[in-house]
Amino acid sequence: MELKIVEYPDKKLKEKSLEVKNFDENLHKLLDAMYPLMIETNGIGLAAIQVAHAKRVLILNIPDEEGEQPKDNLIEMINPLVTKKEGDAIYQEGCLSVPGFYEDINRFESVCVNYQDRFGNTKYMEADGLLSIAIQHEMDHLEGILFIDKLSYARRKKFEKEYKRVCKEKKEKK
Ligand code: Y12
Ligand code: CO
């Protein structure tokens with residue numbers, strides 16, 4: 001399956017993703033294609049809507065202390081649901097769908113999540129630190145929310161101006 005990252009301002013990213021009901025070969029093929037794309041593009045998290053599939057699917061591969069991302073550490077979450085959230089954290093976030101931009105975003109410090117694995121088995125996870133931030137960022141994608149949607153009016157205006165300038169520069173280089 002060939003996949004391509006959908007980039008802002010593509011309207012596809014605003015879509016609300018649908019619950020996965022079939023844990024079949026199609027789902028497995030999608031997950032198996034998302035992983036190499038995320039690694040090739042230096043990502044640590046990717047939601048299916050970022051590759052134009054409006055399914056409640058996300059993957060995460062948080063780097064270890066050496067900065068490595070072994071496949072053993074890959075987390076696949078299907079139909080995730082936050083059951084508990086605590087504390088506050090600010091983290092400078094980036095997104096493969098908004099390349100080159102990083103912004104400080106307010107999140108919960110820790111979250112508890114119920115989800116399903118690729119076979120439909122029910123799972124539970126308690127997360128804090130970078131994993132917690134990544135889960136919240138990717139779960140926002142399932143609702144059609146980007147990290148830049150969380151910026152103040154003034155910050156968002158500044159972002160739009162800079163993003164347009166960078167896109168124009170990229171076009172001119174082609
Ligand atoms: C903390 C904050 C955000 C997340 C969500 C997952 N985000 C990413 O994986 C973002 C990766 C990313 C990679 C980029 O490519 C390179 O660095 C080569 C990139 O593009 C540029 O900076 C040009 C932007 C974002 C999880 C945890
Ligand atoms: Co993102």
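These legends walk through several close-up views of a predicted model.

**View 1. Ligand 1 in its pocket.** Welcome to the place where ligand 1 is found: it sits in the largest pocket. There are 18 residues around ligand 1, and Asn42, Ile44, Gly94, Gly100 and Tyr102 are the ones that come nearest. Sorted by class, the shell around ligand 1 is made of nine nonpolar, seven polar and two charged residues.

**View 2. Polar neighbours of ligand 1.** Here we look at individual atom pairs. Isoleucine 44 takes part through its backbone, where an N or O atom lies 2.7 Å from an oxygen atom of ligand 1. Glycine 94 also takes part through its backbone, with a polar atom 3.1 Å from a nitrogen atom of ligand 1. On its own, ligand 1 has 620 Å² of accessible area, and the protein covers 76% of that.

View 3. Which elements each supply at least two residues of the shell around ligand 1? They are strand β4, residues 89-93, and helix α2, residues 129-142. Of the elements to pick out, α2 gives the most to this shell, with five residues.

View 4. Asparagine 42 lies in the loop that runs between α1 and β1 (45-47). Its phi is near 65°, a positive value in a residue that is not glycine. Is asparagine 42 buried or exposed? Asparagine 42 counts as exposed because its relative accessibility is 69%, and the cut-off for exposed is over 50%.

**View 5. Asparagine 79, in a strand.** Asparagine 79 also has a positive phi, near 50°, and it too is a residue other than glycine. Its place is in strand β3, which spans residues 75-86. Asparagine 79 counts as buried because its relative accessibility is 13%, and buried means under 20%.

**View 6. Glutamate 76 meets arginine 118.** The side chains of these two residues are joined by a polar contact of 2.9 Å. Glutamate 76 lies in strand β3, while arginine 118 is found in the loop between β6 (110-116) and β7 (122-127). Glutamate 76 is buried, with a relative accessible area of 15%, and arginine 118 is buried too, at 14%. How far apart are the C-alpha atoms of arginine 118 and histidine 28? They are separated by 6.7 Å, although the two residues are 90 residues apart along the chain.

View 7. Glutamine 69 has its place in the loop between β2 (57-60) and β3. With 22% relative accessibility, glutamine 69 counts as partly exposed. Its C-alpha atom is 31 Å from that of glutamate 162, a residue 93 positions away along the chain.

**View 8. A cis peptide bond at proline 9.** Our last stop is the peptide bond from tyrosine 8 to proline 9, which is cis, with omega near 10°. Proline 9 lies in the segment that comes before helix α1, residues 25-40.

Technical notes. Residues numbered from 1 in each chain as written. Chains lettered and ligands numbered in written order. Predicted model: local features only at pLDDT ≥ 70, side-chain atom pairs only at ≥ 80, totals over all residues. Heavy atoms only, no water. Near = heavy atom within 4 Å. Polar contact = N/O pair within 3.5 Å; in protein donor to acceptor, adjacent residues only side chain to side chain. Areas by Shrake-Rupley, 256 points an atom, 1.4 Å probe, with all protein chains shown as cover. 1 Å grid on protein atoms, 1.4 Å probe; cavity = no way out; pocket = protein on both sides within 12 Å on 5 of 7 lines; lining within 4 Å. Sits in = over half its atoms within 2 Å of the grid points. Helix = DSSP H or I, 4+ residues; strand = E, 2+ residues; numbered from the N terminus. Nonpolar A, V, L, I, M, F, W, Y, C, P; charged D, E, K, R; others polar. Buried < 20%, exposed > 50% of the residue type's maximum accessible area, 1.4 Å probe, protein only.
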